[in-house]
Amino acid sequence: MSVAESLVEGAPLAELSRRARWHVINTVASSKAGHIGGPLSAMDLLVALYFRRLRIDPAAPDDPDRDRFILSKGHSAIGLYSVLALRGYFPETELATFDHGDSRLQGHPDMLITPGVDSSTGSLGQGLSSGAGMALAAKRLGKDFHTWVMVGDGEIEEGMVWETVISAPRFGLDNLTLIVDLNGLQQYGWPAAPGDRFDRSEPMGHVDLQKVFTGFGWNVLTIDGHDFDAILTAYADADARRGATGVPTVIIAKTTKGEGVSFTRGTYKWHNGVATPEQLEIARRDLATAEGER
Ligand SMILES: Cc1ncc(C[n+]2csc(CCOP(=O)(O)OP(=O)(O)O)c2C)c(N)n1
Ligand SMILES: [Mg+2]
């Protein structure tokens, strides 16, 4: 049994997250380019989805009946690749090729070359529309797979997102679930006040997202995106509504950008970046487990 296989059944989610977070910061350091804050904020949500909820088979990544997942915030690709590797889609050692010209693991997800990637993303704002198309296709074909999409909170400033927020309930897409990684930061953010150029405010801090989504006809769940019990409960709730309600679900997951590593946590400055050897040592200790240090 490979390491990845042994991790699937019953592995503690917290341990998987720590391992995947280490892959993120270590891989980006060795490739010398990549994103950190977004992959780390999304990690607990991704790990819970891939290890406890999605109906998928890493040995059959093109199964037409599989659940779909679209990482619309495609700059967080290394987070997705780390989870796909742990889940068994490709060897963990392949992560070392991240962002190399001839790698299957490009800086942004490419559905044509990477097993387990259901949609190519990176140009922010597009993934929810693709997901709605997949969910609609499932309805038309009489298939019961579930399509999940993750967006960033900066990303939802893109108008195209809202076209689908408006239309998905009209199409009765209860087989579509949107996860908003509400980490309160984007790449830079807006100045909080005129002249205050270095105070980076929340991308959607002035919007009551719960009210807005409810108003557009969505089932809204608001959770702590680092609390596995809350995440799993929300996922189960969203899954249970499939085929029964005609109403899509949005999970507004409050997260912290850069979660898990002391010096990347809560700052836009680690939206992307390359850790120095000294910083990697700190991250290694931050992400140490009962098994010992990474
Ligand atoms: C259409 C488009 N505009 C700009 C960018 C550059 N860009 C990449 S990530 C990012 C910030 C995204 O912030 P958010 O959605 O909050 O992501 P997270 O905080 O999860 O990293 C920007 C502006 C892009 N990839 N696509
Ligand atoms: Mg954000």
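Lys32 lies in the loop that links helix H2 (13-31) to H3. Helices (H or I, at least four residues) and strands (E, at least two) are DSSP runs, numbered from the N terminus. The model is predicted: local features need pLDDT of at least 70 and side-chain atom pairs count only at pLDDT 80 or more, while totals for chains, interfaces and linings use all residues. Residues are numbered from 1 along each chain as its sequence is written, and chains are lettered from A and ligands numbered from 1 in the order in which they are written.

The phi angle of Lys32 is near 65°, a positive value in a residue other than glycine. Most residues other than glycine have a negative phi. Lys32 is exposed, with 8 other C-beta atoms within 10 Å. A residue is called buried if 20 or more other C-beta atoms lie within 10 Å of its own, exposed if 12 or fewer, and partly exposed in between, with C-beta atoms placed from the backbone. Asp99, in the loop between H4 and H5, also has a positive phi, near 70°. Asp99 is partly exposed, with 18 other C-beta atoms within 10 Å.

The protein chain as a whole contains nine helices and five strands. Read from the N terminus, its elements follow the order α-α-α-β-α-α-β-α-β-α-β-α-β-α. Of its 294 residues, 48% count as buried. The radius of gyration of the protein chain, taken over C-alpha atoms, is 18 Å.

The five strands form an open sheet in the order E1-E2-E3-E5-E4, with parallel pairing. Strand E1 (68-71) and strand E4 (219-224) stand at the edges with a single partner strand each, so one side of each has no neighbour in the sheet. From one strand to the next the twist averages 20°. Two strands pair if DSSP finds at least two bridges between them; six bridges join E2 (residues 147-152) to E3 (residues 176-182). Within this pair, Thr147 stands opposite Leu176 in E3.

Phe69 belongs to strand E1. With 27 C-beta neighbours inside 10 Å, Phe69 counts as buried. Leaving aside residues up to four places away in sequence, Phe69 touches Leu49, Leu54, Asp118 and Trp148; a contact requires C-beta atoms, placed from the backbone, to lie within 7 Å.

Helices pack against the sheet and against one another. Helix H5 (residues 127-141) lies across E1, E2 and E3 and runs at about 170° to E2. Axes are lines fitted to C-alpha atoms, for helices over the stretch in contact, and angles run from 0 to 180 degrees between N-to-C directions. The axes of H3 (residues 37-52) and H4 (residues 77-87) come within 9 Å and cross at roughly 30°. That makes H3 roughly parallel to H4, a term for angles under 35 degrees, with over 145 counting as roughly antiparallel, 65 to 115 as roughly perpendicular and the rest as oblique. Residues of H3 including Leu46 and Tyr50 meet residues of H4 including Leu80 and Val83.

Technical notes. Two residues are in contact if their C-beta atoms, placed from the backbone, lie within 7 Å. The radius of gyration is taken over C-alpha atoms; the globule rule is 2.2 Å times the number of residues to the power 0.38.
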